[in-house]
Amino acid sequence: MKKLLPVAALVIALAAGAGVYLKTGVSTAPASTFVLLDGSQKTTEDLKGKVTLVNFWATSCVTCVAEMPKVIATYDKYKAQGYDTLAVAMSYDPPSYVVNFTETRKLPFKVAIDNTGAVAKAWGDVALTPTTYIVNKRGEIVKRYVGEPDFAELHKLIEKLLAEA
């Protein structure tokens, strides 16, 4: 019974968050701790102040691999303007594959491994990859893409969010 209480609380919190998201179009990004490849940590709080693309992906996902050059190009285009990218590898992705992919593709942004699946669960039970979130400077999710985003539309959204105070 004691194990069910935290799970029930999480389900209620996620349901409430989903309700806010559906009503307003934005919701606060869930409190999460991302473990980066170098062993350091980044939290959801650290995302505030920048427009951030949070990309859940896997090395075994054909669409993820295909979209990664566009994710890199988007990062390179906007990074000097207060934009960041955080790539979150799924729990089933072997860490050695993630490290190899990151190094061989020279990913210029932070890469995290969600070893336990807790981050994917907190961000709406992410199961399909790629799933991408755009988080504004206030730490609110303003858009969710399942599958490869329309990058022209994504760039317009990023420019709009970067222009906000």
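**Sheet, helices and a buried alanine in the predicted model**

Of the 165 residues in the protein chain, 43% are buried (under 20% relative accessible area with a 1.4 Å probe, protein chains only; over 50% is exposed, and in between is partly exposed). The model is predicted, so local features need pLDDT of at least 70 and side-chain atom pairs count only at pLDDT 80 or more, whereas totals for chains, interfaces and linings use all residues. Residues are numbered from 1 along each chain as its sequence is written, and side-chain values use heavy atoms, with hydrogens and water left out.

The protein chain holds 6 helices and 8 strands (DSSP runs numbered from the N terminus: helices are H or I of at least four residues, strands are E of at least two). Along the sequence these elements follow the pattern α-β-β-β-α-β-α-β-α-β-α-β-β-α. Among contacts (heavy atoms within 4.5 Å) between residues at least 6 apart in sequence, 70% join residues at least 24 apart.

An open sheet of mixed pairing is formed by 6 strands, in the order β1-β8-β7-β4-β5-β6; two strands count as paired if DSSP finds at least two bridges between them. Its edges are β1 (27–28) and β6 (110–113), each of which pairs on one side only. In general, the strands of a sheet pair through backbone hydrogen bonds, either parallel or antiparallel.

Helix α4 (residues 95–104) lies across β4 (51–57), β5 (83–89) and β6, running at about 170° to β6. Helix α6 (residues 151–163) packs on the sheet as well, where α6 touches β4, β5, β7 (131–135) and β8 and makes an angle of about 175° with the direction of β8. Axes are lines fitted to C-alpha atoms, for helices over the stretch in contact, and angles run from 0 to 180 degrees between N-to-C directions.

Helix α6 has a helical partner too: the axes of α3 (residues 62–78) and α6 come within 12 Å and cross at roughly 25°. The two helices are therefore roughly parallel to each other (angles under 35 degrees; over 145 is roughly antiparallel, 65 to 115 roughly perpendicular and the rest oblique). From α3, residues E67, K70, V71, T74, K77 and Y78 meet F151, H155, I158, E159 and L162 of α6.

A120 lies in helix α5 (residues 118–122) and is buried, with a relative accessible area of 5%. Leaving aside neighbours within four places in sequence, A120 is in contact with F56, M90, D114, D125 and V126. A120 and F56 are 64 residues apart in sequence, yet 7.6 Å apart in space, C-alpha to C-alpha.
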